[in-house]
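Please consult the sequence and structure shown below while reading.

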Amino acid sequence: MRIDVVSIFPDYLAPLGLSLVGRARESGLLDVRVHDLRAWTHDRHRTVDDTPYGGGAGMVMRPEPWGEALDALVPEGTDPGPTMVVPTPAGRPFTQAVAERLAERPWLLFACGRYEGIDQRVVDHAATRMPVEELSLGDYVLGGGEVASLVIVEAVARLLPGFLGNPDSLDVESHRTGEGGGLLEHPVYTKPASWRGLDVPEVLLSGHHGNVEAWRREQQLRRTRERRPDLLS
Ligand code: JD8
């Protein structure tokens, strides 16, 4: 999978060089390219923002640098083109189901906004040339799209065949779609069996797989009832 990320703070994406995503880049599973939007400005101050039409606080990202960035990264007639992902608090919720859908695409292009956001014509224009997904991580406000892009890249990349050492671990995860999914994770424990006066639940030391599975299921249901009843309905 190819992933392009365009931002005025490209160093914010440095974590994409670490851990499993970093190794997937070394192995060629992922082709990640981070770009500085200011590379597509031409004035002395490398201006990327301007005042909002209709007034109001803050600044808006100018369309021209984004247009030139798209022209450079996705030349006319590029086929298949990328799916453009635009993190925004006004987006559709980003979920595991969305991650699974994006993981099927060969190329993702992330547009990281800042200030009050990106001039809407950039998305409207891009949508005439490629699929565009405006996505939100959740109902809280971040300062820009970079952190959201990091989250989405990690959630998508780990679904790619060959990314995880043991892909089976995907099968027991909460939030996954399909059969048996949708419950929160059960508590997990490892050695020592007793720590600071806290003991691992007996059933987990019993070796009785049926009882262990039953206990884990009960814990998943309890946690989901308490913390995410919306998932049960
Ligand atoms: C992109 C600019 C900041 C947002 C004025 C603060 C996602 N779940 C999420 N919360 N916030 C974002 C997000 C925030 C962004 C940008 C994503 C680009 N901002 C703006 C509007 C209010 N400032 C997000 N995904």
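In this predicted model, strand S1 (residues 2-7) and strand S2 (residues 31-36) run parallel to each other and are paired over six bridges. S1 is also parallel to strand S6 (residues 107-111), to which five bridges join it.

- S1 is mostly covered, as six of its six residues are buried.
- Burial applies to both faces of S1: Arg2, Asp4 and Val6 lie on one side, and Ile3, Val5 and Ser7 lie on the other.
- Asp4 has Arg33 as its bridge partner in S2, and Asp4 also stands opposite Leu109 in S6.
- Asp4 is itself among the buried residues of S1.
- Together with helix H1 (residues 19-27), S1 and S2 form a β-α-β unit, which is right-handed.

**Surroundings of the ligand**

- A polar backbone atom of Leu142 is 2.9 Å from a nitrogen atom of the ligand.
- For Gly138, a backbone N or O atom lies 3.0 Å from a ligand nitrogen atom.
- For Leu135, the distance between a backbone N or O atom and a nitrogen atom of the ligand is 3.4 Å.
- On its own, the ligand has 540 Å² of accessible area, and the protein covers 84% of this area.

Note on methods
Residues numbered from 1 in each chain as written. Predicted model: local features only at pLDDT ≥ 70, side-chain atom pairs only at ≥ 80, totals over all residues. Heavy atoms only, no water. Buried < 20%, exposed > 50% of the residue type's maximum accessible area, 1.4 Å probe, protein only. Helix = DSSP H or I, 4+ residues; strand = E, 2+ residues; numbered from the N terminus. Pairing = 2+ DSSP bridges. Right-handed = clockwise from strand over helix to strand, strands pointing away. Polar contact = N/O pair within 3.5 Å; in protein donor to acceptor, adjacent residues only side chain to side chain. Areas by Shrake-Rupley, 256 points an atom, 1.4 Å probe, with all protein chains shown as cover.
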